[in-house]
Amino acid sequence: MNKHILGLLLATASLGSQAAELSKSFLEVGYGKTKLDGSPSSVTPRGFMIAGSYEFASGIFMGLKIDQHSDSLAFFNNLRDGEYDVDETTFNLGYILHSTDSERLAVGAQVGEFEVSTNRSNSTADTRRLYGEYEHAFSKHISAYGQAGYELLDNSTDDDDGVFVNIGLRFSFTQRSAVVLEYTNGVEYTQSEVKYRYTF
């Protein structure tokens, strides 16, 4: 059965004569979860996200993303570990270096705030990221993207920095509507999201 599904996905990716539209002008809403390094294994805050981005004719794009994740529904986890809330707001500014009908290469920078709260403590870090991004359309229904860059989390007690990686897979079911699966491995956390994207 798995071989048939894999074959169908490969056939779909190779048959499309028209590539999916690759654009940085979109709105997204979705649901995700965050795993914090050093937190108890039972703690996985979940919640909603909203994002928007706009691409100018010059190739410059900018966007804003807001994540709000909490484990407040996990009652027994709260009794043992305390409630964990993760709130992140990120502003993005980038530039398209190279673009064709089926692929794009971009660079960008992000600044924002990453806040982790429990019923015992609160920690806020300023975030800064520099990254390169490659996006490829396999067909008019399937595209993928990957970001790799350097991330700095700067809080009042210490700084954490290192490489971060972000990958995504987009399944378009109309010219403007798509479902996106995304995974991020950051300096002190991992995050996975499923979201609806409307491209305009």
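Twelve is the number of interest here: the structure holds 12 salt bridges, a salt bridge being a side-chain nitrogen of Lys or Arg within 4 Å of a carboxyl oxygen of Asp or Glu. The model is predicted, so that local features need pLDDT of at least 70 and side-chain atom pairs count only at pLDDT 80 or more, while totals for chains, interfaces and linings use all residues. Residues are numbered from 1 along each chain as its sequence is written, and side-chain values use heavy atoms, with hydrogens and water left out.

One of the salt bridges joins the side chains of Lys24 and Glu133, at 2.6 Å from N to O. This pair links distant parts of the chain, 109 residues apart: Lys24 lies in the loop between α1 (2-15) and β1 (26-36), and Glu133 in strand β6 (residues 122-137). Helices (H or I, at least four residues) and strands (E, at least two) are DSSP runs, numbered from the N terminus. Lys24 and Glu133 are buried, that is, under 20% relative accessible area, where exposed is over 50% and partly exposed in between (1.4 Å probe, protein chains only).

A network of salt bridges links Glu28, Lys65, Asp67, Glu182, Glu193, Lys195 and Arg197. Within a salt bridge between Lys65 and Asp67, the closest N and O atoms are 3.6 Å apart, and both residues are buried. In the salt bridge of Glu182 with Lys195, the corresponding distance is 3.1 Å. Glu182 belongs to strand β9 (residues 177-185) and Lys195 to strand β10 (residues 189-199), so the pair ties together parts 13 residues apart in sequence. Glu182 counts as buried at 11% relative accessibility, and Lys195 is buried with a relative accessible area of 5%.
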